[in-house]
Amino acid sequence: MAKDLNYSCTACGATYSKWSGKCDGCGAWNSIIEDQPLAAGPAAKSLGAKRGRSVALTDLATEEPEPPRTLAGVEELDRVLGGGLVKASALLLGGDPGIGKSTLLLQAAARFARNGLKVIYFSGEESVSQVQMRARRLGLTKSPVQLASATNLRDILTTLDSEKPDLAIIDSIQTMWADNVESAPGSVSQVRACAHELTSFAKRQGIAIVMVGHVTKEGAIAGPRVVEHMVDTVLYFEGERGHQFRLLRAVKNRFGPADEIGVFEMTGKGLVEVKNPSALFLSERGKPAPGSVVFAGIEGSRPMLCEFQALVAPSPTAQPRRSVVGWDGGRLAMILAVLDARCGVSFAGLDVYLNVAGGLRISDPAADLAVAAALVSAREDATVPPDSVIMGEISLSGGLRPGSQTENRLKEAQKLGFSSAILPQLRKEVTGAGLSLRQMEDLPGFVEEVFGPGPRAAQE
Ligand code: TYD
Ligand code: MG
């Protein structure tokens with residue numbers, strides 16, 4: 001028989017058969033607590049004694065009707081949800097404390113309420129008057145959203161049972177407390193138990209439940225992944241301190257595409273949709289400078305232009321720095337190695353800094369070529385044509401591949417006034433949206449075409 005794993009770490013969720021002072025999983029001290037069984041009584045006993053009933057079976061061809069959806073009327077939100085809010089679903093909204101989750105949900109609650117849903121907002125973090133104050137600031141006091149300050153899960157479920165809303169918002173899952181679980185609110189067992197109860201309630205009663213989850217220092221929702229697998233949809237609300245824009249990103253969605261993003265701006269009157277994010281991210285672009293390159297990217301189904309900036313300088317130390325903000329550090333190391341090995345452009349003895357302007361984080365693999373262009377441009381002190389956008393994936397051999405949705409990228413570039421695109425050789429016919437397309441064979445060919453023929457001298 002498998003050992004009972006009755007202890008778990010409140011920081012990372014690792015499970016143990018006995019208590020210890022330090023978690024081997026994440027290194028935290030005093031974070032391991034004993035888990036209580038989720039349901040005392042029959043569920044905890046062996047299943048053997050009592051017969052269940054047999055469940056209904058169907059085949060793959062029988063079509064289930066599409067689940068009913070309600071639109072918020074906020075395009076950025078509806079798209080991320082996969083085309084509106086689905087009935088009988090559970091959704092998790094994660095994000096750093098203070099990023100604007102409560103603001104987003106209060107605004108969304110008001111929209112859904114105005115569109116005919118019965119909405120209840122449970123706050124476990126703020127008093128009713130605090131939430132009302134925020135509603136006043138956001139100009140939402142006339143919206144028919146019901147409000148309560150509560151943390152006891154039993155009370156909340158009873159209220160939901162009698163009120164029968166269409167949508168309930170739980171802000172946040174870490175403050176909820178199920179009285180059949182002995183550990184403190186926010187611990188893995190509490191979060192797990194509360195999320196499980198709420199999710200199954202949502203399915204049973206046909207209501208949509210949105211849970212807020214704060215992200216811990218390590219970047220996972222506490223307890224990490226404990227909730228993510230239970231719910232239908234996981235959204236993250238992201239942003240950089242010091243920047244006004246916020247990204248809503250779907251990382252899992254049973255009712256629509258994942259990786260879809262919505263862009264908002266935090267203003268004095270709450271969150272406002274950003275209909276044209278490319279213009280926002282390029283707005284701070286100054287005069288053409290070495291190291292600056294515009295990348296025609298795609299996030300989800302959304303074309304998004306942004307600027308990569310690179311700086312290369314002689315390193316005062318024996319171990320040159322590689323510093324990157326908004327992109328993947330491992331990927332940067334790879335691009336530097338490919339430039340060195342395939343194009344003879346060496347960065348040995350040079351500090352390299354790479355930054356995505358505006359505080360954006362790029363995950364699109366087609367950013368490789370834009371990064372390479374920014375790096376060589378900075379090293380050679382030569383500008384890339386400022387009316388060009390760049391895109392393409394780089395392989396270890398120095399080969400180039402076009403990314404997905406080339407036409408959408410080109411259309412967006414054309415909309416923002418660019419006249420040419422530098423990209424890998426296209427394998428099929430693509431309408432260039434009026435842009436002149438400079439197609440490159442491979443990375444050495446690209447470097448030579450854009451920056452002139454080598455050999456490239458080592459920098460002082
Ligand atoms: P909040 O929604 O409370 O964050 P979370 O629920 O994710 O912890 O948002 C907090 C921040 O948003 C706070 O620093 C103030 C700012 N804010 C605005 O800038 N404008 C507004 O209209 C509101 C309501 C908040
Ligand atoms: Mg909040």
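Predicted model: local features only at pLDDT ≥ 70, side-chain atom pairs only at ≥ 80, totals over all residues.
Residues are numbered from 1 along each chain as its sequence is written, and chains are lettered from A and ligands numbered from 1 in the order in which they are written.

The backbone in question is that of Thr 267, where a polar atom lies 2.8 Å from a nitrogen atom of ligand 1; a polar contact here is a pair of N or O atoms within 3.5 Å, and within protein one atom must be able to donate a hydrogen and the other to accept it, with residues adjacent in sequence counted only if both atoms are side-chain atoms. An oxygen atom of ligand 1 is 2.8 Å from a backbone N or O atom of Gly 270, and an oxygen atom of the ligand is 2.6 Å from an N or O atom in the side chain of Ser 102. On its own, ligand 1 has 560 Å² of accessible area, of which the protein covers 74%; such areas come from the Shrake-Rupley method with a 1.4 Å probe, and for residues only the protein chains shown count as cover.

The shell around ligand 1 holds 16 residues, and Gly 98, Ser 102, Thr 103, Arg 134 and Thr 267 come nearest, a residue being near a molecule or strand if one of its heavy atoms lies within 4 Å of it. By class, this shell has four nonpolar, seven polar and five charged residues, where Ala, Val, Leu, Ile, Met, Phe, Trp, Tyr, Cys and Pro count as nonpolar, Asp, Glu, Lys and Arg as charged, and the others, Gly among them, as polar. Its largest share, three residues, comes from helix H2; helices (H or I, at least four residues) and strands (E, at least two) are DSSP runs numbered from the N terminus.

Ligand 1 sits in the largest pocket, in the sense that more than half of its atoms lie within 2 Å of the grid points of that pocket. The search for such spaces uses a 1 Å grid over the protein atoms alone: a cavity is a set of points where a 1.4 Å probe fits but cannot get out, a pocket is an open set with protein on both sides within 12 Å along at least five of seven lines, and lining residues have an atom within 4 Å of a point. The largest pocket holds about 340 Å³ of space, a volume being the space filled by probe spheres set on the points, which are joined across faces, edges and corners. Among its 18 lining residues, Gly 100, Ser 102, Thr 103, Glu 126 and Arg 134 lie nearest the centre. Two or more residues of this lining come from each of H2, H3 and E13, and H3 gives the most, with four. The lining of the pocket divides into four nonpolar, nine polar and five charged residues.

The model also has three cavities of 30 Å³ or more. The largest cavity, with about 110 Å³ of space, is lined by 15 residues, of which Leu 77, Leu 91, Leu 105, Ala 108 and Val 210 lie nearest its centre. H2 provides the largest share of that lining, five residues, and the lining is made up of 15 nonpolar, no polar and no charged residues.

Two backbone details remain. The peptide bond from Asp 171 to Ser 172 is cis, with omega near 5 degrees, and Ser 172 has its place in the loop between E9 and helix H5 (188–205). Ala 88, although not a glycine, has a positive phi of about 55 degrees, and this residue lies in the loop between strand E5 (85–86) and E6.

Notes: Heavy atoms only, no water.
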